[in-house]
Amino acid sequence: MTGTGRFTEEVMTAAMHQVAGQLRAPADDARLLRLTNNAVFALPSAGIVIRLARSRRLTDRVYKVIELGRWFEQVNAPTIRLAPDVDQPLRAGNFLASVWKYVPPAAPSPKVDDLGAVLRDFHSRRPLPTLLPPWDPIGDARSRIADEEGLSDRDRQFLLAWCDRLHAPVAALQQRAGPWLVHGDAHVGNLLRKETGQVVLCDFDATCLGPWQVDLVAVAIGETRFGRRGAQAALAAAYGYDVTNDTDWPLLRDARELKMISAAVPLLQSSADVRAEFNARLRSIKDGNRDARWKPFAELNHQAGIRKASR
């Protein structure tokens, strides 16, 4: 088995303990926060978060986010910070890890209004870091789709044809929009509230240079796909712009939904729940059903972990 099929929760937990051992950090209270393309573990007693790339194809992003974390510190961006005095990345067998300061949960939980305000601040940061790649949703999707054994030939061909259809329009938009700092996966789930009350962004695997409108799309799609009513209006009010009125909205929506489906491809062999949701999402696209409800992949992985722990 290839891909992340071997990179189970048990395997990632063992790798986390190796990293914690290298840092001489207590891990007795470690808990899994996410198990998608990364395995993310909080170690509250140590005051750190360990993020392990769960696919070998994505290990290059570990170096990117570490360099980006250093730049965030320099420009005082509204983001989480790297753990101090850690020579990063760390290696645990075949896995690479980045290590970040732990942000204890603080009330109230961040809302979509906070996202709008944080994104306005985030997008304003200058000068732009030269280390970031251009926004390339098509290239990213193709890299996940091409060789994964968990995909049927029919689904692979459909996804690659989708990429081909969007390639030229996305390239044209990128050229005319001008470069901005783009988080790349901007939603409330990637916000944390610090004890000071400040709200900050996390998860920078998809951070790139591109049209700033890209960061307003996830919430707008969530209005339909995940039934989060009222979120789009709140984001538009907080940011000061309604992306669904943008002339490029149909293209931005298509590119985001391609990402939301192709992101699961490396996980198809490791989670039956993710595979079922992937099939449901792909079927809705093939049927042209813009109103079909989807389930968040992250919640499916979290629920699967809970079920496993209870057995």
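Which residues does H183 touch, not counting residues up to four places away in sequence? In this predicted model, H183 touches F122, N190, L201, C202, D203, F204, A206, T207 and D215.

**The site of H183**

- H183 is found in the loop that runs between β6 (180–182) and β7 (191–193).
- The relative accessible area of H183 is 0%, so this residue is buried.
- A polar atom of the H183 side chain lies 2.9 Å from the backbone oxygen of C202, and C202 is also among the residues that H183 touches.

**The salt bridge between D140 and R61**

- D140 and R61 form a salt bridge in which the closest N and O atoms are 2.3 Å apart.
- Because D140 belongs to helix α4 (residues 137–145) and R61 to helix α2 (residues 59–75), the pair ties together parts that are 79 residues apart in sequence.
- D140 is buried, its relative accessible area being 16%.
- R61 also counts as buried, at 15% relative accessibility.

**The salt bridge between R176 and D248**

- A salt bridge joins R176 to D248, with 2.4 Å between the closest N and O atoms.
- R176 lies in helix α5 (residues 153–177), whereas D248 lies in the loop between α7 (231–239) and α8 (249–262), so this pair ties together parts that are 72 residues apart in sequence.
- R176 counts as exposed, at 52% relative accessibility, because the limit for that class is over 50%.
- D248, by contrast, counts as buried, with a relative accessibility of 14%.

- R290 forms a salt bridge with E257, and the closest N and O atoms of the pair are 3.0 Å apart.
- At 34% relative accessibility, R290 counts as partly exposed.
- E257 is buried, with a relative accessible area of 2%.
- Both residues belong to a network of salt bridges that links R165, R225, D254, E257 and R290.

Conventions. Residues numbered from 1 in each chain as written. Predicted model: local features only at pLDDT ≥ 70, side-chain atom pairs only at ≥ 80, totals over all residues. Heavy atoms only, no water. Salt bridge = Lys/Arg side-chain N within 4 Å of Asp/Glu carboxyl O. Helix = DSSP H or I, 4+ residues; strand = E, 2+ residues; numbered from the N terminus. Buried < 20%, exposed > 50% of the residue type's maximum accessible area, 1.4 Å probe, protein only. Polar contact = N/O pair within 3.5 Å; in protein donor to acceptor, adjacent residues only side chain to side chain. Contact = heavy atoms within 4.5 Å.
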